[in-house]
Amino acid sequence: MINPTTRPVWKALENEFKRMESVHMRDLFKQDAKRFERLSIKFNDILFDYSKNRIDVGIMELLVDLARECGVEQWRDRMFAGEPINHTEGRSVQHAALRERLGKPSYADGVEISREIESELKRVKTLAESIHTRKWRGFTNQPITDVVNIGIGGSHLGPLMVTEALRPYTFHDLKIHYVNNIDENHINNTLETLKPQNTLFIIASKSFTTQDTLVNAQTAREWLLGRIDNEIDLRNHLVAVTANTQAAQAFGVAPENIFKMWDWVGGRYSLWSAIGLSIVIAIGTENFDALLEGANEVDMHFRTAPLERNIPVLMAVLGVWYNNFFNAESIAILPYDQNMHRFPAYLQQADMESNGKCTDRQGRVVNYQTGPVLFGEIGIASQHAFYQLLHQGTKIVPADMLVPISNFHSIPIHHRALMSNIFAQAEALMLGKSEDEVKTELKAEGKSDKEIGELLPYKLFPGNQPTNTFVFYTLNPKTLGSLIALYEHKIFVQGVIWNLNSFDQWGVELGKKLATEILHELNKGELVESHDCSTNGLINYYLKMRPEND
Ligand code: F6P
């Protein structure tokens, strides 16, 4: 495994970059009337248009060669075979096995895992169905009307994002709440709206050691116990999903209420496992199966399609092109579907926790750029917020735009206007506006030559901002499953090219450890001198200013 930048293909791409840097996409489109047909792929219900990128066919071939030479196919096969490719934690990476629908056996480090997956999924579905059919009753023999998922990171963002995205498919007589913040406002605001007799809490934590989750879980437990007389009655109000069943039991969750996950599922890739329990409760078992199926179809595509027509590979190499050759610092995710409002936040963890790393697989500090800063928001809202920078700023910001052809409740006046916006924005970002166009426009508005001269520089749009557009028929469970899996594999491919382990997350440990130490100091309440002067100053200021008993 070598530094990707030392490969001849990388050098060839550097030369191509020098050529392409000054080329405008509007000229690429002028030169090739078939650019859209050439540079777009249809996969099931999803059309992936990558023609509005600063590339030509030759560059794409080189980028795909780079992926091939970096061993993407071999690493992919090793991942699907269950080899422990997460070498720093000694773990396999088998989230795809969770959606393997053909009864094909899957393995993690040589051990067959399919049966366990199947049986845990069955337990999850049984619980969800017993809530739907109102067989699962609270301590006053009333049905469950509210479910609160307490988790953070991968134990929160995936389930929250999917539940929101699939809102039209949810059971309307059931409310699902998500609490992640250790700030008591979050759980308090949630509890305010709930009745204990109708509420089920899911404590979702792979490790069952995450402070934020455990503190929230403790508050939830006390809230229940304040209203329920005994631990036995608590049973129908508290379940857990974890790989650490002992800790969950010690916390007071009944063994039959503990759902298992495994070491070979990374937190940020875990929504397909029992961590998705809140999703199954929200959308039902058939819809959850469709979500898995959509992801599984992408897994098959990723495993079998030639790299030149392999969507996650193409998404990945385009990202590398901008990140490493154009020095783009960021990537924007812009869904034009209100229900996808947590999609950027979900991808932020998936991408940045996976590839935000500066150490390669051999333990060397890399001398090239790795994962970009990912940000995003609903496209329409962003147009009235940060698109100004995309249109006229000084930075290159590659963006992914996503939109459904039809909404669940399509109302033409809304949906056509929405569609017109995404098409217009992608076009404007690509074309920009030239001097001649601005002059003609201002003349038509009746401006004098003097006024035109003064306004002209401010009215120019450089264009040439790259976008990928994903158009899908409608945001149903299957399509959503496919979209998520496309991004998961994109992230994996980029990790391979950058020679990273995308599946550990040591970077989050330091802050956790320091917070634990500082918490001891805060509990002691004595002024501190053990940190740098800023941290000492802040801690001591807090200690002096905090109200008594706080
Ligand atoms: O702090 C980051 C992290 O470790 C994520 O990787 C993970 O998804 C999240 O915390 C929650 O972890 P757990 O599910 O073990 O509570």
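User: How do the residues of the lining of the largest cavity divide into nonpolar, polar and charged?

Analyst: The model is a predicted one, in which local features need pLDDT of at least 70 and side-chain atom pairs count only at pLDDT 80 or more, while totals for chains, interfaces and linings use all residues. Residues are numbered from 1 along each chain as its sequence is written, and side-chain values use heavy atoms, with hydrogens and water left out. The lining of the largest cavity has ten nonpolar, seven polar and two charged residues. In this scheme Ala, Val, Leu, Ile, Met, Phe, Trp, Tyr, Cys and Pro are nonpolar, Asp, Glu, Lys and Arg are charged, and the others, Gly among them, are polar.

User: What makes a space a cavity and not a pocket?

Analyst: On a 1 Å grid over the protein atoms alone, a cavity is a set of points where a 1.4 Å probe fits but cannot get out, whereas a pocket is an open set with protein on both sides within 12 Å along at least five of seven lines. Lining residues have an atom within 4 Å of a point. Four cavities of 30 Å³ or more are counted by this rule. The largest cavity has a volume of about 160 Å³, a volume being the space filled by probe spheres set on the points, which are joined across faces, edges and corners.

User: Which residues lie nearest the centre of the largest cavity, and which helix gives the most to its lining?

Analyst: Of 19 lining residues, Leu318, Gly319, Tyr322, Ile331 and Pro398 lie nearest the centre of the largest cavity. Elements that give two or more residues to this lining include helix 14 (311-325) and strand 13 (467-472). Helix 14 gives the most, with five residues. Helices (H or I, at least four residues) and strands (E, at least two) are DSSP runs numbered from the N terminus.

User: Why is Thr467 called buried?

Analyst: Buried means under 20% relative accessible area, exposed over 50%, and partly exposed in between, with a 1.4 Å probe and protein chains only. Thr467 has 2% relative accessibility, so Thr467 counts as buried. Thr467 lies in strand 13. Leaving out residues up to four places away in sequence, Thr467 touches residues including Asp49, Lys52 and Met401, contact meaning heavy atoms within 4.5 Å.

User: Is His177 buried or exposed, and what joins its side chain to that of Asp146?

Analyst: His177, in strand 6 (residues 175-179), has a relative accessible area of 15% and is therefore buried. A polar contact of 2.7 Å joins the side chains of His177 and Asp146. The term requires a pair of N or O atoms within 3.5 Å; within protein, one must be able to donate a hydrogen and the other to accept it, and residues adjacent in sequence count only if both atoms are side-chain atoms.

User: What is the volume of the largest pocket, and which helix gives the most to its lining?

Analyst: The largest pocket has a volume of about 980 Å³. Its lining holds eleven nonpolar, 18 polar and nine charged residues, and helix 22 gives the most, with four residues.

User: How do you know that the span of helix 22 agrees with its number of residues?

Analyst: The expected span is 1.5 Å times one less than the number of residues. The 16 residues of helix 22 should therefore span 22 Å, and its end C-alpha atoms are 23 Å apart, which agrees. Just after helix 22, Gly525 takes a positive phi of about 80°.
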